[in-house]
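This report walks through one protein model for a reader who is new to structures. Please keep the sequence and the 3D view open while reading.

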Amino acid sequence: MKIAIMGAMREEIAPLLEKLDNVKEIKYASNRYYEASYNGIDVVVAYSKIGKVFASLTATILIEKFGCDRLLFSGVAGAINEDLSIGDLIVANKLCQHDLDITAFGHPHGYVPEGAEFIHCDESLVALSKDVAKSLGIHLYEGIIATGDQFVSDHAKKAWISDTFCADALEMEGSSVAVVCDALDVPFFILRAISDSADDSADVDFDTFLEKSAKVSANFILKMVEKLT
Ligand code: 3QA
């Protein structure tokens, strides 16, 4: 077993790197990949840079070049569901691309021919995360995550994503990672801790809570890796 752990921003993987053993840095495709071990298990860690294109590239490399057979994403997200507060954890049961739009041809938002409006996360990884949350006494939300190449800091946009996809949280990478893992048949899991509420104060909240929420997510991911051993 070789587990890929990815984030989008440096802050999202920094708390992971601190806790890994035998970290070896490899430069590839204008990025840095970190081969390491945790609890005796092989992991490869990387942050992709922001957005769907970079995230697809990194996920593909983690699988095709480094031979990872599972992928865990750790990071932060903007909340849509009112039950979610800053610092809360949400695991995606399915993800969609809110900015994919060929509705001019009568297709639903987020859909292109031979694709799917939603891609589902691996059920056994989601089940494992529930067990981990229970054993830690943490509340872990499960819901729909919407992805798009846009930092959402606007009430109307957030409401539209909520109405169109019933999404609970939004970010900028998850769904593209899902597309890659689904196509390559690699079980994947997308975890996010809330950094902001994708509204008028999202920019300030994001800057304030990025590091703290990224740590919440990273710590949970490591507990999952321990259980995968
Ligand atoms: C935002 C990060 C991107 O990788 C997606 C955080 C948290 N809140 C969000 C929101 N809308 C969309 N996505 C998110 N991540 C990058 S912009 C800030 C860059 O600062 C999830 C996410 N409301 C760089 C400093 O100049």
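## Strands and a hairpin

Two strands are said to pair if DSSP finds at least two bridges between them; strands (E, at least two residues) and helices (H or I, at least four residues) are themselves DSSP runs, numbered from the N terminus. Strand β2 (residues 21-28) is joined to β3 by six bridges, and these two strands run antiparallel. Opposite D21 stands S37 in β3. Together β2 and β3 form a hairpin that has two residues between the strands, and A29, which lies in the turn, has a positive phi of about 50 degrees.

The model is predicted, so local features need pLDDT of at least 70 and side-chain atom pairs count only at pLDDT 80 or more, whereas totals for chains, interfaces and linings use all residues. Residues are numbered from 1 along each chain as its sequence is written, and side-chain values use heavy atoms, with hydrogens and water left out.

A residue is called buried under 20% relative accessible area, exposed over 50%, and partly exposed in between, using a 1.4 Å probe and protein chains only. In helix α1 (residues 10-17), the buried residues are E12, I13, P15 and L16. They cover an arc of only 150 degrees around the axis, and therefore lie on the same side of α1; the arc is that of the directions from the helix axis to the C-beta atoms. These buried residues of α1 pack against β1 (2-7), β3 (31-38), β4 (41-47), β5 (70-79), β10 (188-196) and α6 (202-228), where contact means heavy atoms within 4.5 Å.

Helix α3 (residues 123-136) has 14 residues and reaches 20 Å from its first C-alpha to its last, close to the 20 Å expected at 1.5 Å a residue; the expected span is 1.5 Å times one less than the number of residues. The buried residues in α3 are L125, V126, L128, S129, V132 and A133. Because they cover an arc of only 155 degrees around the axis, they are on the same side of α3. An α-helix has 3.6 residues a turn, so residues three or four places apart point the same way. On the other side of α3, E123, S124, K134 and S135 are exposed. The cover over the buried residues of α3 includes β5, β6 (89-97), β8 (140-147), β10 and α6. After α3 comes G137, whose phi is positive, near 70 degrees.

## The nonpolar cores

A nonpolar core is a set of buried Ala, Val, Leu, Ile, Met, Phe, Trp, Tyr and Cys residues joined through side-chain atoms within 4.5 Å. The largest nonpolar core has 70 residues, of which V43, L71, V177, F188, F189, I190 and V225 touch the most other members. Helix α6 gives the most to this core, with ten residues. Apart from it lies another core of ten residues, among them I80, C96, A146 and I161.

## Cysteines and a buried lysine

If a disulfide is a pair of cysteine sulfur atoms within 2.5 Å, the count comes to zero disulfides. For C121, the nearest cysteine sulfur is that of C181, 9.1 Å away; C121 is buried, with a relative accessible area of 5%. For C166, the nearest cysteine sulfur is that of C96, 9.8 Å away, and C166 is exposed, with a relative accessible area of 56%.

K52 is found in helix α2 (residues 52-64), and at 10% relative accessibility K52 counts as buried. Leaving aside neighbours within four places in sequence, K52 is in contact with Q97, D99, T147, D149, M172 and S176.
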